[in-house]
Structure formats: structure tokens, C-alpha cells
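Q: Could you walk me through this structure? I have not looked at it before.

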Amino acid sequence: MLQGPSGLGQYTLAFELARAWLCEQPTEQGACYQCRSCHALDVRTHADLSALMPETLALELGWPLDDKTQKDLDEKKRKPSKEIRVESARDMVAFSQHTRSGGRTKVVLVYPAERMNHITANTILKTLEEPPGETRFVLASEAAHLLLPTIRSRCQTHAMVWPEAQESHNWLT
């Protein structure tokens, strides 16, 4: 789990971790950005990546919605959800049970993780605790304290912090 204050790039880092894990020709610095897998990530169609996020954010970030959800939204049967829906979590659990499409691993990206309600969080709990096969999870959060303790306890945490002024200056220089 990547956690830290808003604006530190938790989503970007989570996505780049997923890219590095799924890349067909990774380098020491991470993904190659040239292979078929990296291209599929660029267009948000990689078969071994499941992104769990609110529909409002998925639309904003260019992630495709499943056909039924898109149809419901197009026909104005409902508005896009601002929470991660339990149906999406159930789809992710099913995704994790299927074999990989050919790569080394499968990845589940959850952002922002704090937008899971209790039902959604409990739906992914067992899969998070015992991921099937070569499935990796990366959760990103700007408010990890809002997550269920059972979710937090099953994650390795990386706390992202703002760099000190001198460190930022040196890096920019």
C-alpha cells in the first residue's frame, strides 16, 4: 500500500509499479515503455491488470468501464459512482481466479483505496490475504486511516512524504 498526503502521486507510482511488474522487457530502472505489454497499459487494455476505482475517477483517467456499466451510464439509468462499487470488487475477485494471459504476473491496482466501503473492502479481503497464483496487489491511498484495519493489516506499507526543501532544490538543480 502506497500512502501519503494528497498530491504526492500515489496513483502514478501505483500505475508505474503495475507497469514494471507487467512489462515484457523490464530494465533496472523499471518498465521499457516499448513492448506490447507497456502499450496495452498506455491504452488501458492490459488483460492482466484489473483497476479498482470509482467510476467517476475511471472516466476521468481514461479507464474503460464494463459494457453494462457504460450502457447504464449512457442511458442515464444512474450516475457514475464516487465509491469503488462492490460489483467491481466481485469482478476483480473473478479476474484473480483466472489464469494469466501470458505474462509473469497479474496485477490489481486499487485507487483510491479509501473509497472502498465496508462491503467492498470485505469482498476483496480474502483475495488480498491469499492472492491466487502470481497476482500482485498495489493499493494507493491519500487517507489510509479510513481503510478497514483488516485491509491495512494485510498490506506492506510504503509511506510517501514530501521531500525537504533542500532535497527538492538539489534534485531540481
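**A guided conversation**

A: Helices (H or I, at least four residues) and strands (E, at least two) are DSSP runs, numbered from the N terminus. This is a predicted model, in which local features need pLDDT of at least 70, side-chain atom pairs count only at pLDDT 80 or more, and totals for chains, interfaces and linings use all residues. Residues are numbered from 1 along each chain as its sequence is written, and side-chain values use heavy atoms, with hydrogens and water left out.

Q: Is Thr135 buried or exposed?

A: Thr135 is buried, with a relative accessible area of 8%. Buried means under 20% relative accessible area, exposed over 50%, and partly exposed in between (1.4 Å probe, protein chains only).

Q: What does Thr135 touch?

A: Leaving aside residues up to four places away in sequence, Thr135 touches Ser96, Thr105, Lys106 and Val108. Contact here means heavy atoms within 4.5 Å.

Q: How many bridges join S1 to S4?

A: Strand S1 (residues 2–3) and S4 run parallel and are joined by two bridges. Gln3 stands opposite Ser141 in S4.

Q: What about S2 and S3, how many bridges there?

A: S2 and S3 pair in the parallel sense over four bridges. Ala51 has Leu109 as its bridge partner in S3.

Q: How many residues of S4 are buried?

A: Six of the seven residues of S4 are buried, and the strand is mostly covered.

Q: Now to H6. Which of its residues are buried?

A: The buried residues of H6 are Thr120, Ala121, Ile124, Leu125, Thr127 and Leu128. They pack against strand S2 (49–52), helix H5 (86–97), strand S4 (135–141) and helix H7 (149–152).

Q: What caps the N-terminal end of H6?

A: Asn117 does: one of its side-chain oxygens lies 3.1 Å from the backbone nitrogen of Ile119.

Q: A change of topic: where is Arg78 found?

A: Arg78 is in the loop between helix H4 (67–74) and H5. Arg78 is partly exposed, with a relative accessible area of 23%.

Q: With which side chain does the side chain of Arg78 make a polar contact?

A: The partner is the side chain of Glu55, at 2.8 Å. A polar contact is a pair of N or O atoms within 3.5 Å; within protein, one must be able to donate a hydrogen and the other to accept it, and residues adjacent in sequence count only if both atoms are side-chain atoms.

Q: Finally, where is confidence lowest and where is it highest?

A: Confidence is lowest in helix H8 (residues 165–172), at a mean of 90, and highest in strand S3 (residues 106–110), at 97. The protein averages a pLDDT of 94, and 100% of the residues score at least 70. pLDDT is the predictor's confidence in each residue, from 0 to 100.

Conventions: Pairing = 2+ DSSP bridges.
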